Amino acid sequence: MRKIVRRHLGKVVAGAGVAATATAVLVGVNLPGSEAGESGDRRANAAAAKQDAVAKDGVIEAAPEEGAKGIGSDPLTDEEIERAEKASVSGQLRASARDVEGDRGPQLLSTNLSEPDPNDTGAAPRRAEVVYYDYKKDAVVTKTVNLETGKVDDTTTAQNVQPPPSQDELVEGARLLIADPLGKGLKQDFKHATGKKLTGPDQLQLSGMVFRKETVERVPSGLTECGKHRCLQVVTKVKNGPWIDTRSLVVDLSTRKVGRLG
């Protein structure tokens with residue numbers, strides 16, 4: 001009898017060791033059933049079966065079709081954005097302004113829903129605020145378009161104001177970096193990371209920011225007009241690869257020149 005008891009206890013101890021090992025791996029699964037024994041296993045199995053049933057029965061529905069017009073403070077629809085941008089570029093602005101590449105027309109920066117006008121009475125019409133940069137005059141041009149009438153309600157022009165850059169500006173900034181002698185290190189780092197030659201911005205993942213000369217102690221002579229000019233720090237990354245530090249380089253998009261900080 002003693003041998004039988006010892007043998008049984010040995011099985012229990014061995015089983016407890018296995019259970020302890022399994023618990024270390026499956027702790028996230030077995031937490032709902034805190035008691036040991038068959039009832040805990042039954043609860044865990046039932047919970048797993050319930051989760052499987054939910055997963056199998058779940059249905060992914062397509063996003064509802066976007067309407068032509070939004071309501072109230074809804075984000076602008078694609079159609080509203082297209083209408084606002086088309087209405088905001090008048091013949092005079094299109095003819096006189098220049099974009100980041102020097103082509104005719106202003107550089108589009110952003111299109112967003114305008115804040116309601118506090119002077120409006122009753123139901124305020126939806127308006128879009130379309131922001132451009134005119135590289136010919138180094139000025140920010142903001143057009144407020146009434147989405148009900150399709151007409152421009154207000155136009156403001158400001159200098160020495162620098163909104164965040166658009167993706168087109170970052171691409172042009174990277175193109176100037178690659179072509180400039182100061183971009184030699186960028187091309188070397190790209191070659192080291194990929195084994196390939198860097199020939200254009202399409203090989204990079206780009207982000208960046210407006211350069212504000214007030215943030216540095218010494219501004220190189222070629223960058224003293226930044227703030228009045230459109231100057232960017234372009235942040236570069238190899239697609240599916242490492243970052244390449246180009247923060248010390250500043251691109252003056254107004255003069256199409258590159259400067260180095262420090």
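Visitor: What makes something a pocket, and what a cavity?

Guide: On a 1 Å grid over the protein atoms alone, a pocket is an open set of points with protein on both sides within 12 Å along at least five of seven lines, while a cavity is a set where a 1.4 Å probe fits but cannot get out. Volume is the space filled by probe spheres set on the points, which are joined across faces, edges and corners.

Visitor: Which residues line the second largest pocket?

Guide: Lining residues have an atom within 4 Å of a point. Among them here are Gln-92, Ser-96, Val-141 and Thr-155. Helix H5 (91-96), strand S3 (139-146) and strand S4 (151-158) each supply at least two; helices (H or I, at least four residues) and strands (E, at least two) are DSSP runs, numbered from the N terminus.

Visitor: And how big is the largest cavity?

Guide: About 40 Å³. The search of the whole structure finds one cavity of 30 Å³ or more. Its lining includes Lys-69, Glu-80 and Arg-126.

Visitor: Why is Gln-107 called buried?

Guide: Buried means under 20% relative accessible area (1.4 Å probe, protein chains only), with exposed over 50% and partly exposed in between. Gln-107 has 5%, so it counts as buried. Gln-107 sits in strand S1 (residues 107-113). Leaving aside neighbours within four places in sequence, its contacts (heavy atoms within 4.5 Å) include Arg-98, Tyr-132 and Asp-168.

Visitor: How many of the protein's residues are buried?

Guide: Of its 262 residues, 32% count as buried.

Visitor: What does the pLDDT say about the protein?

Guide: pLDDT is the predictor's confidence in each residue, from 0 to 100. The protein averages 83, and 74% of the residues score at least 70. Over residues 1-38, though, the pLDDT is below 50, and beyond near neighbours in sequence this stretch has three contacts in the model. Where pLDDT is low, the predicted coordinates should not be read in detail.

Notes
Residues are numbered from 1 along each chain as its sequence is written. This is a predicted model: local features need pLDDT of at least 70, side-chain atom pairs count only at pLDDT 80 or more; totals for chains, interfaces and linings use all residues. Side-chain values use heavy atoms; hydrogens and water are left out.
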